[in-house]
Structure formats: C-alpha cells, structure tokens
Amino acid sequence: MLKKLLTGAFCALVAGSSLAATDPMEISIAYVGQQIDLGPVLSNIIPEPKDSGLQGARLAIADSNTTGRFLKQHYNLHEIAGDDPQQLVASAFDLYGRGIRFFVANTDSDTLKSLRASLPADSLLINAGSRDDALRSNQCIDGLLHTIPSRAMLADALAQWLIMRRWNRWMLVEGSTDDDQAFAAAIKRSAQRFGGKIVAEKAWSFDTDLRRTAQKELPPFTSGTEYDVVVVADERGDFGEYLPYNTGLPRPVVGTQGLLPTGWHKMIEAWGAAQLQSRFEKQSERWMNEKDYASWAAIRSIAEAVTRTGDNSSEGVRGYLLSDNFELAAFKGRKLNFRGWSGQLRQPIALIHPRALVSSSPQEGFLHPRTELDTLGFDEPESQCRVAR
C-alpha cells in the first residue's frame, strides 16, 4: 500500500513538473497611435493627453496578464507612435513581418484605410480612435472592428435623452472644421430619426477671442427664435466651451460641450468601474478617457477570445469576436459584443457633465427587435457593411 502511495505521489510530482515546464501561449498585440496636430484653437481648452489611448492599451495588457498567468497565456504590447501616417503604416507592416497579427489603431480614418491596405488579410485590425460614421455605413473596410463609438452613436444617445425630456426644438451651432460638420450631420440624422426639430442652424466661422467677448457676442448670436436646447458641434473646442450660460435664452447646452455623450468618463463609477478607474489612475497618473477605454476594450476583447477558445490565431479570434458566443464584461452594466455588419462594439453611451453622470443611453422606451443597444448608431438595414461574412 505504501509503495502504491509513493508511486502515485511520484507520478503527480512528475506531471506537475511537466506542466510547470510548459511554455505559456504568447499573444503579441501592436498599438498604433497617430499624433494628430489639430492646429491652434481659440479657447483655453484642456488638451487631450499625448498618451491618450496608449495608457488604456497598457492597462489592458496588465489586466490580461493577471488572469493569463493562471491560464498559461502571456500578452505582449508593441507600441508604435508618431505623426507621420506613412511611417506608422511601414512600422506596422514591419511588425507583421515579425509575426504580429493583432493591431489596435488609434488613428484617423485615412490612416486606418492605409493600414488595412498594407496589412495582409490574416491580420486583425481594431479601430480605437476614429469616430467616422462612413466607416460603419458606406466606406466599409474589410474585416475592421471598432471599439470606439461612432458619431452616430453619440448623437443618437443624446437625441434619445432630449426626446425623453421633451426638449424637441433644437438650435444647432456648428463650427467650420470637417469634424464639426461630421458631428453636425450626425445630429441632423438623429433629429430625423427620433423626432427632434432643428428650428435654427447657425455656423460659427469667426476668429473672435471669446475669452474676452463671450458675454457680449454669444447672447445675440443665439437669439432670434424659440428653442428648448442649444446643440453644439465643436469637436476641437474653438467656441463651444463659452456657450453654457451665454445663450440668448436661458437654455441648456449639449453636444460636444455642455452635456456630453461619450463612451467613457471619470464620472462612470457603477458596475465595478471604480476599480478600473483606480487601476488606470495608479498606472497613468491621470483620468481614463474615451480613447483609453476603446484601446482597453480592444485588447481585452482579443484576450477574452483567446481565453474562451484556446486559439491565438487571428482567424480564430476574429471568428469568435463576431460570433454570438462572444461577450465582454466591460464595466458598463451589461455584456458587450460586436455587430456582425459594421464590426462596431455595441455599448451604452454615458451622458455627462464635468462632475457627474447624468444618464446613460439607450433610454427606456426606445425599443429594438434584437437589442436596444442597436438603437444607437447605424442599424443593419442602414449600413452597407458586412464584416461577418
């Protein structure tokens, strides 16, 4: 009997030693960050951190390795950053040649298109930087997934809340940049979709220094008609920060300033988000923003797919991400997954002002046959994209 026990113990020891000696599965992910010069602005805005997006990717790698340690998985992050799109694309292609197949991109839409054209089809590219609606509707990039919300999702989230409050009459004030025009177009689409009425549309094309003249110039600029709310489209921050409390009528300001729709913000603390915020702040010594969260969600999605399937190939991961089985626990009160047509990550959108979470969309009562999350952004009949083929 003793001999049998000793033999069993020896076999268990040998088996344990063999398991310990097994090399972990390696998963390498590239982060491509484009530093975009937005040009001079006309207000004292707080600039976006230069490492916006990158810090979220770093936290996701750390989180993935925390659990991966027990699953024999090890995640590596390869960082590419710069302001030259051609150099970014060349560096990404070099990493592909070194065996990397997963790429998280915090870039503009043109650089995304160049990356997809340069990287062979067996690479997985996830957009964590561009909100461009065209990428989800009629300028589809084959195989591209998105973890950052589109402008249409942000506008729809805001529009649902305004309609729920019965603030149906909107004055739209838009800037002159392409991004401002794109957000304004998303607002107009949302108004038509949910029953808002744009009663006045005004273009801000002045180079006035509003730090000195806002109280004098903005009230008459926003006068002339009756409205419930001012919706501002000023993504760069040239004038929108001065609209609250300076409107012709005593009305709230929403949009890119005032009440802001966003994929992530410091004020999101429920559903365990406070722990994510704390880990991020300890690592980065600043608050987590929307691009950080999008990069974090992209890498955590890859890690979740590897964990569930045991497959670290780009084909296996991509197939699982686009399947009905994929769910990402992402501190937003529900499990998130990807739309099979546009590759967009379904997710609630927070409505915040600088010091509080006001609401979260989709709002109650906005229904959909599949999921109410698909009331935000381009639904399947509205999109020409078909990522899951």
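**Strands, link and spaces**

User: E13 and E14 pair in the antiparallel sense, but over how many bridges?

Analyst: This is a predicted model, in which local features need pLDDT of at least 70, side-chain atom pairs count only at pLDDT 80 or more, and totals for chains, interfaces and linings use all residues. Residues are numbered from 1 along each chain as its sequence is written, and side-chain values use heavy atoms, without hydrogens or water. Helices (H or I, at least four residues) and strands (E, at least two) are DSSP runs numbered from the N terminus, and two strands pair if DSSP finds at least two bridges between them. For E13 and E14 the count is five bridges.

User: Which residue in E14 is the bridge partner of Ile 349?

Analyst: E13 spans residues 349–353. A hairpin through two residues joins E13 to E14. Across that pairing, Ile 349 has as its bridge partner Ser 361.

User: How many of the five residues of E13 are buried?

Analyst: Buried means under 20% relative accessible area, exposed means over 50%, and partly exposed lies in between (1.4 Å probe, protein chains only). E13 is mostly covered, and its buried residues number four.

User: Which cysteine forms a disulfide with Cys 140?

Analyst: A disulfide is a pair of cysteine sulfur atoms within 2.5 Å. By that rule the count is one. Here the sulfur atoms are 2.0 Å apart, and the partner of Cys 140 is Cys 385.

User: How many residues apart are Cys 140 and Cys 385?

Analyst: The link of Cys 140 and Cys 385 is left-handed, with -90° about the S-S bond. Cys 140 sits in the loop between helix H5 (134–137) and strand E5 (145–146), and Cys 385 in the segment after strand E14 (356–361). The pair links distant parts of the chain, with a separation in residues of 245.

User: How much space lies in the largest cavity?

Analyst: On a 1 Å grid over the protein atoms alone, a cavity is a set of points where a 1.4 Å probe fits but cannot get out; lining residues have an atom within 4 Å of a point. Points are joined across faces, edges and corners, and a volume is the space filled by probe spheres set on them. The whole structure holds two cavities of 30 Å³ or more. The largest has about 90 Å³.

User: Which strands each supply at least two residues of the lining of the largest cavity?

Analyst: The lining includes Trp 271, Ile 349, Ala 350, Leu 357 and Ser 360. It divides into seven nonpolar, two polar and one charged; Ala, Val, Leu, Ile, Met, Phe, Trp, Tyr, Cys and Pro count as nonpolar, Asp, Glu, Lys and Arg as charged, and the others, Gly among them, as polar. The strands that each supply at least two lining residues are E13 and E14.

User: What is the volume of the second largest cavity?

Analyst: Among its lining residues are Arg 136, Met 153 and Phe 378. The lining divides into two nonpolar, four polar and two charged. The second largest cavity has a volume of about 40 Å³.

Notes
On a 1 Å grid over the protein atoms alone, a cavity is a set of points where a 1.4 Å probe fits but cannot get out, and a pocket is an open set with protein on both sides within 12 Å along at least five of seven lines; lining residues have an atom within 4 Å of a point.
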